[in-house]
Amino acid sequence: MPPAPKPETLAAFQAAKGFMPLGEGLALHAAAVEAGALGLPLLEVGTYCGRSTILLADAARETGTTAITVDHHRGSEEQQPGWEYHDPDVVDPEVGEMDTLPTFRRTLYKAGLEDHVIAVVGRSPQVAALWGTPLGLVFIDGGHTDEHAGGDYEGWAPHVAEHGMLLIHDVFPDPADGGQAPYRVYLRALASNKFTQISESGSLRVLRRSTGTGI
Ligand code: SAH
Ligand code: MG
């Protein structure tokens with residue numbers, strides 16, 4: 001078993017705003033420690049306020065690599081005013097739009113993990129289009145429409161290095177449990193034969209890039 005996060009990291013995770021339950025967080029951390037051993041960066045799509053980023057950052061610190069987290073910080077569809085997951089505390093009153101970047105920065109500062117994270121503020125497909133570095137792990141936890149989840153997969157899966165991992169959050173095979181776009185991305189990844197599932201925890205799926213397949 002890979003080492004669990006440090007107690008202070010777990011406390012910071014539990015205190016952070018966000019959408020990742022503890023059990024799934026531990027599975028994310030374990031996969032990130034394993035992937036970090038490849039010596040390649042770990043990348044997250046969907047920072048929000050940094051809850052899951054804390055765990056990637058801890059794993060990056062443990063393995064001597066860096067976590068990268070990508071978000072435009074204006075929130076997903078379901079986080080906008082009037083929608084189910086809206087939090088009025090993360091609206092910038094001056095511009096009247098969501099802005100999770102300040103909360104994210106506080107989260108990471110309090111966790112003592114700033115040195116292990118590069119935050120990229122931008123739209124996932126635009127960042128992916130400029131990307132050139134092989135990644136040990138890609139964690140897809142961004143927008144939940146087919147356009148966004150599909151774009152995240154198309155943009156980032158090709159950058160997963162051989163032996164690297166692809167993690168997908170919010171996979172709900174039963175439509176009664178949640179939206180289907182991340183589930184469809186998960187099915188695409190399996191159908192591509194470029195990824196094989198190695199574990200699951202709640203709605204988190206952990207896949208590894210199959211060996212001997214160019215992407
Ligand atoms: N990982 C977080 C939750 C992420 S919520 C946690 O553990 O709590 C999803 C995030 O994806 C939101 O912050 C939203 O702004 C971001 N997002 C949605 N679509 C995006 C896109 N196309 N590009 C960049 N970020 C996006
Ligand atoms: Mg999620």
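## Basis

The model is predicted: local features need pLDDT of at least 70 and side-chain atom pairs count only at pLDDT 80 or more, while totals for chains, interfaces and linings use all residues. Residues are numbered from 1 along each chain as its sequence is written, chains are lettered from A and ligands numbered from 1 in the order in which they are written, and side-chain values use heavy atoms, with hydrogens and water left out.

## Magnesium site

Asp141 (OD), His169 (ND1) and Asp170 (OD) coordinate the magnesium ion (ligand 2) at 2.0 to 2.3 Å. Donors are N, O and S atoms within 2.8 Å of the metal (3.2 Å for Na, K and Ca); water is not among the atoms, so sites may look incomplete. Along the chain the donors have the spacing D-x27-H-D. Helices (H or I, at least four residues) and strands (E, at least two) are DSSP runs, numbered from the N terminus.

Asp141 is buried at 16% relative accessible area, and Asp170 is buried at 12%. Buried means under 20% relative accessible area, exposed over 50%, and partly exposed in between (1.4 Å probe, protein chains only).

## Ligand 1 site

Ligand 1 is surrounded by 21 residues, the closest being Phe19, Gly46, Ser52, Asp71 and Asp141; a residue counts if one of its heavy atoms lies within 4 Å. Nitrogen atoms of ligand 1 lie 2.8 Å from a backbone N or O atom of Gly46 and 2.7 Å from a side-chain N or O atom of Ser52. The protein covers 98% of the 580 Å² of accessible area that ligand 1 has on its own (Shrake-Rupley method, 1.4 Å probe).

## Thr65

Thr65 lies in the loop between helix H3 (51-63) and strand S2 (67-71) and is buried at 11%. Not counting residues up to four places away in sequence, Thr65 touches Gly36, Gly39, Leu40, Pro41, Leu42 and Ala60 (heavy atoms within 4.5 Å).

## Aromatic pairs

There are four aromatic pairs. Rings of Phe, Tyr and Trp (its six-membered ring) pair if their centres lie within 6.5 Å; planes under 30 degrees apart count as stacked, over 60 as edge-to-face and the rest as tilted. The ring centres of Phe19 and Tyr48 are 4.8 Å apart with planes at 45°, so this pair is tilted. Phe19 is partly exposed at 38% relative accessibility, whereas Tyr48 is buried at 10%. Ring pairs link Phe19, Tyr48 and Tyr85 into a cluster.

Terms used:
A polar contact is a pair of N or O atoms within 3.5 Å; within protein, one must be able to donate a hydrogen and the other to accept it, and residues adjacent in sequence count only if both atoms are side-chain atoms.
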